[in-house]
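Hi,

Here is the structure I promised to pass on. Have a look around, and then read my notes on the aromatic rings below.

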Amino acid sequence: MSLPAEAEDTVISDETMQQVYEKLQTPYKYGQLLTPAEDEYYDCPNVFRHNDKWLMILARFKDKVGYETILAESDNLLDWKITGTLLGYRDEGWDRWQADGSIALMDPRWGGSHMLEQHDGKYWISYFGGHKKGYETDPLSIGMAWTTTPDKSEEWNRLEQNPVMTPDDEGAREFEKKTLYKSHIFHDRDQTLGAPFVMFYNAKQQGDWIERIGIAVSDDMQSWRRYGDGPVIDNLKGISGDPQIIRMGDLWVMAYFGAGWKKGAFDTFAVSRDLVNWTKWEGEDLLKPSEPWDTPFAHKPWIIKHDGVVYHFYCSVGGKVRTIALATSRDLRKGETKDSQ
């Protein structure tokens with residue numbers, strides 16, 4: 001499906017927004033993919049391709065202590081197994097008890113390779129970390145880590161100059177002066193914002209619980225500078241978080257989750273031509289709670305298109321179980337073969 005040509009302005013037409021919505025549709029909930037132990041849960045899936053295998057970086061919260069980053073693998077995007085820890089708890093330091101990783105430099109093209117790009121001979125993740133125990137206990141900052149073997153279940157190398165961004169930085173804007181959360185980094189070859197590497201992340205300001213999404217840029221994946229005077233996604237209350245950036249033709253599409261400004265937690269999106277001015281989708285949610293295992297929360301998107309099928313990985317919370325679930329554009333449980341896209 002081709003998207004209509006438009007004037008190079010910052011407002012995306014209703015027609016284009018509707019077409020993007022249709023491309024992202026995943027009406028068939030495949031179900032939960034992983035079963036956590038009784039004292040843990042899984043969160044924040046990032047899926048990519050490496051050496052003919054599908055891999056997932058995700059967060060694990062266990063023993064009511066904090067986040068670790070772990071790795072899972074699959075041959076078919078449906079059947080997953082946990083293989084090990086990438087960022088674990090430490091004996092000391094600013095990120096002793098919290099390290100929630102996000103894969104960086106994945107091919108952002110819709111229906112692309114989903115492979116990771118190297119920079120400086122390394123594969124990268126960003127992560128939010130903290131030194132206090134508990135669930136996302138403030139303050140949290142953003143660090144970087146790298147490896148040469150992203151398919152191996154072994155600790156990644158954290159930068160010595162971590163954290164690379166904190167709420168206390170001199171250049172921190174008002175919306176991010178309490179805590180920095182989930183980040184997503186991609187390579188913009190056109191350097192639209194004046195740098196090759198672009199990070200979108202959500203953050204919280206002092207004095208309220210609103211989370212908004214902002215931008216930082218880098219020339220080397222290690223030194224980061226804020227872009228702009230404030231957030232680019234702000235729904236004025238609740239949470240707007242966990243952004244994923246997709247390149248769909250000449251459009252940038254941001255999948256993200258919302259909570260607290262409508263009932264429950266759900267996934268939605270926004271569209272931009274310049275990475276700065278975003279038109280938010282105002283229609284039906286991309287994904288919302290509908291099953292016992294994902295009510296009240298069906299959120300934190302990671303969306304890819306592979307072999308004509310759209311896979312929407314997300315965090316499902318139902319009852320006492322928080323884990324990774326999947327919705328698809330075809331009913332894979334019934335073996336449909338017609339491409340709905």
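Which residues form one aromatic cluster? They are Tyr41, Phe61, Tyr67, Phe128, Tyr135 and Tyr181. While you have Tyr41 on screen, look for Arg322 too: Arg322 lies over the face of that ring, at 5.1 Å from the ring centre. Bear in mind that this is a predicted model.

Searching the whole structure turns up 17 aromatic pairs. Take Trp94 and Tyr127 as one of them: their ring centres are 5.7 Å apart and the planes meet at 25 degrees, and planes under 30 degrees apart count as stacked, so this pair is stacked. Now check where the two partners sit. Trp94 is in the loop between strand S5 (81-87) and strand S6 (98-103), while Tyr127 belongs to strand S7 (residues 123-130), so the pair ties together parts that are 33 residues apart in sequence. The partners also have their own accessibility values. Trp94 has 21% relative accessibility and counts as partly exposed, whereas Tyr127 has 0% and counts as buried.

Then there's Tyr311 with Phe313. Their ring centres are 6.4 Å apart and their planes are at 15 degrees, so this pair is stacked as well. Are these two buried or exposed? Both Tyr311 and Phe313 are buried.

One last thing to find is another arginine over a ring. Arg247 lies over the face of Trp252, and the distance from the ring centre is 4.2 Å.

How values were computed
Residues are numbered from 1 along each chain as its sequence is written. This is a predicted model: local features need pLDDT of at least 70, side-chain atom pairs count only at pLDDT 80 or more; totals for chains, interfaces and linings use all residues. Side-chain values use heavy atoms; hydrogens and water are left out. Rings of Phe, Tyr and Trp (its six-membered ring) pair if their centres lie within 6.5 Å; planes under 30 degrees apart count as stacked, over 60 as edge-to-face and the rest as tilted. Helices (H or I, at least four residues) and strands (E, at least two) are DSSP runs, numbered from the N terminus. Buried means under 20% relative accessible area, exposed over 50%, partly exposed in between (1.4 Å probe, protein chains only). A charge sits over a ring if NZ of Lys or CZ of Arg is within 6 Å of the ring centre and within 35 degrees of the ring normal.
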